[in-house]
Amino acid sequence: QVQLVESGGGLVQAGGSLRLSCAASGRTFSVYAMGWFRQAPGKGREFVAAINWNGKSTYYKDSVKGRFTISRDNAKNTVLLQMDRLKPDDTAVYYCAADRAAFRQSVVVLTAGDFGSWGQGTQVTVSL
């Protein structure tokens, strides 16, 4: 099991930027794909972005493509989500998650069920 702690959420005006960070501890971080999900009030948890174990494959929800960037630093056991040109619809609690399987090459078809470890979430609020 890997322990995940998110940080970097907050309140920002539409058009602004935030950078979310997820610090991992426990099992070996560098061999697992990582993902970001979000849950808005009254809605289900939805996929945002994922990155494979070595950082060479990424995948994004259509509505965040070109605005969000996922990256990882395996030396620091950290995964980041840079969010630019934020919109009010991006308001949600954002969760970091670690894949159940090691050395997954493609993250294109991953769903929430593929991730076995989750952080506690960090609130992102985008105002008009």
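Leaving aside neighbours within four places in sequence, with which residues is T91 in contact? The contacts of T91 are A40, Q123, V124, T125 and V126, where contact means heavy atoms within 4.5 Å. T91 is found in the loop between strand 8 and strand 9. Its C-alpha lies 8.8 Å from that of P41, at a separation of 50 residues in sequence.

The model is predicted, so local features need pLDDT of at least 70 and side-chain atom pairs count only at pLDDT 80 or more, while totals for chains, interfaces and linings use all residues. Residues are numbered from 1 along each chain as its sequence is written, and side-chain values use heavy atoms, with hydrogens and water left out.

The protein chain holds zero helices and eleven strands. Helices (H or I, at least four residues) and strands (E, at least two) are DSSP runs, numbered from the N terminus. In order from the N terminus, the elements run β-β-β-β-β-β-β-β-β-β-β. The radius of gyration is 13 Å, close to the 14 Å that the globule rule gives for 128 residues, so the protein chain is as compact as a globular protein of that length. This radius is taken over C-alpha atoms, and the rule is 2.2 Å times the number of residues to the power 0.38. The C-alpha trace spans about 40 × 30 × 25 Å along its principal axes. Of the 128 residues, 42% count as buried. Buried means under 20% relative accessible area, exposed over 50%, and partly exposed in between (1.4 Å probe, protein chains only). Among contacts between residues at least 6 apart in sequence, 60% join residues at least 24 apart.

The largest nonpolar core has 27 residues. Such a core is a set of buried Ala, Val, Leu, Ile, Met, Phe, Trp, Tyr and Cys residues joined through side-chain atoms within 4.5 Å. M34, W36, V79, L81, M83 and Y94 have the most contacts inside this core. Strands that each supply at least two of its residues include strand 1 (2-7), strand 4 (32-39), strand 8 (78-83) and strand 9 (92-102). A second, separate core has eight residues, among them A33, F47, L110 and F115.

R100 is found in strand 9. R100 is exposed, with a relative accessible area of 55%. Not counting residues up to four places away in sequence, R100 touches R27, Y32, G113, D114, F115 and G116.

Most residues other than glycine have a negative phi. N77 has a positive phi of about 50 degrees although it is not a glycine. N77 sits in the loop between strand 7 and strand 8 and is partly exposed, at 28% relative accessible area. R85 also has a positive phi, near 50 degrees. R85 is placed in the loop between strand 8 and strand 9.

The largest pocket contains about 210 Å³ of space. A pocket is an open set of points on a 1 Å grid over the protein atoms alone, where a 1.4 Å probe fits, with protein on both sides within 12 Å along at least five of seven lines; lining residues have an atom within 4 Å of a point. Of the 13 lining residues, R38, K43, E46, D89 and D90 are the closest to the centre of the pocket. The lining divides into two nonpolar, four polar and seven charged residues.

Terms used:
Grid points are joined across faces, edges and corners, and a volume is the space filled by probe spheres set on the points. Ala, Val, Leu, Ile, Met, Phe, Trp, Tyr, Cys and Pro count as nonpolar, Asp, Glu, Lys and Arg as charged, and the others, Gly among them, as polar.
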